[in-house]
Amino acid sequence: MVSRVIPVDPFDLVVFGGTGDLARRKIVPALFRRYCAGQMQPDSRLIGAARSELDSTGYRAMMADAIREHAPGRACEDGTLERFLGMIDYVTLDAQGDAGWARLAGLISEDRVRAFYLSVGPGLFGDIAERLRTHGMVNDRSRIVVEKPFGHDLESARALNRTLAAHFDEGQVYRIDHYLGKETVQNLMAVRFGNVLFEPLWNAQYVDHIQITVAETVGVGGRGEYYDRAGAMRDMMQNHLMQLLCLIAMEPPARFEPDPVRDEKLKVIRALDPVEPHHIVRGQYEALSAEHPGYRAAVGNPRSTTESYVALKVHISNWRWSGTPFYLRTGKRLVARSSVINVVFKDAPHSIFGAEAGRHANILSIRLQPNEGITLHVTIKEPGPGGMRLVEVPLNMSFAEALGPDGEDPPDAYERLIMDVMRGNQTLFMRGDEVEAAWAWVDPIIAGWRKRGDVPKPYESGSTGPLDADQLMKRDKREWRGIKP
Ligand code: NAD
């Protein structure tokens, strides 16, 4: 099935931190792919801005390398890349100084959407927003895009929101959580609200519990210093897993539009119960080999008590979900890279087949990665004579197989989100009050650990996480669905 591409009106995009890892790996390759797809029009402009002393020619060469590495394909060979590079400029500037800003202002077109992507640490948001204003670059066609981490706690998130609000209206601020740009995450809403089949069952009466797993095989890599200050709770749970929780649990919004969707997500966060200390497990990975050091060695802090894994059980105190627990877990250096949501339904109220036939709950598994798709586990009869024995079988749908345009990958999350910025659609971006509400729920959990002197449980690299996380489920006579789908 070939997807329909609607071109986006020409725009100017300024990427602050344009020489950084995120710009090279994600932002610029994503734009290139949208250009190849015909969505980014040839008279759009991309302006990299960073501290490095480079001219536009040097920057184009750097971006050509980044694209060849991160968006390889035929388009890199047939002249398309050269045409794309022709749309790129570069300005050397210091976010905290004066040099370069007037030149940047001179490069921006008057009559079109201008987006400023802050691919820099949050400590520079205020400096950049202020200079954009003083150099006359903020008008009603301006948009500002900010990356995670959006704050370290409630107080810092509020301060960032205030800083941005001093220069931009909330309708101009795009807080990226790239999980929301994933095709399957949007499919979550399509499945829930586009079918009559699921929604009547989507409540505490029929759902036993819901599991959300985001497992990574990588360790902290080169982000050790940042990660050791953050941990899995701040780095993953407060944003990505909570966003998934919101989409799974929210009431149907009246329309698929920014405020109706974000209002419903906010209500979920505000209805979350505090988490009991015995309903949360923290872990820290141990060494696997000399090449794969343990967490403490990886971050260079032999006494670190930061978690690289967290699992928790939480209830949502509202009419729909009262009594249905949500189990969330995320960690590094686990056995497989797998992001999956399992909606585990209750058993049928009465078995006409008797206890010896066995019983299996229906489970809807929504795979975000890898092999994006949906599996509905249903119960059927085991084939053959000898009475009625029931077995669980998967009704499996891989999105790539069902929809893939001749084997092409679906657009990456950054491709979708950047195009949404240019179109002015904030539906898949977090609103300021949502982020603050998420921190307001997370802060007491972290404060509790500090107060109790909590130390994370060690777990083997390449495992499914600490044994205590299995206990969290076993105590409730439940079990995690395997990380390997
Ligand atoms: P990086 O260190 O690789 O790059 C930082 C960029 O900012 C460089 O271009 C540098 O020149 C520029 N910069 C730094 N100080 C500056 C100043 N005073 N004036 C002008 N430019 C300055 O960082 P990164 O990995 O690209 O991350 C950028 C931001 O995005 C960070 O806040 C990070 O947390 C966030 N983020 C990164 C990733 C990722 O995968 N890299 C993912 C999610 C969020």
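Rings and their neighbours

Visitor: Why does Y227 count as buried?
Guide: Y227 has 1% relative accessibility, and buried means under 20% relative accessible area (over 50% is exposed, in between partly exposed; 1.4 Å probe, protein chains only), so Y227 counts as buried. At 0% relative accessibility, Y295 counts as buried too.

Visitor: What are these values computed from?
Guide: This is a predicted model, in which local features need pLDDT of at least 70 and side-chain atom pairs pLDDT 80 or more, while totals for chains, interfaces and linings use all residues. Residues are numbered from 1 along each chain as its sequence is written, and side-chain values use heavy atoms, without hydrogens and water.

Visitor: How many aromatic pairs does the structure hold?
Guide: There are 12.

Visitor: Why is the pair of F16 and F116 called tilted?
Guide: The ring centres are 6.5 Å apart and the planes meet at 35 degrees. Phe, Tyr and Trp rings (six-membered ring for Trp) pair with centres within 6.5 Å; under 30 degrees is stacked, over 60 edge-to-face, the rest tilted. So this pair is tilted.

Visitor: What makes Y227 and Y295 an edge-to-face pair?
Guide: Their centres lie 6.1 Å apart, with 65 degrees between the planes. Y227 is in helix α8 (residues 224–249) and Y295 in helix α10 (residues 295–299), so the pair ties together parts 68 residues apart in sequence. Helices here are DSSP runs (H or I, at least four residues), numbered from the N terminus.

Visitor: Which residues form one aromatic cluster?
Guide: Y227, Y285, Y295, Y309 and Y459.

Methods. Helices (H or I, at least four residues) and strands (E, at least two) are DSSP runs, numbered from the N terminus.
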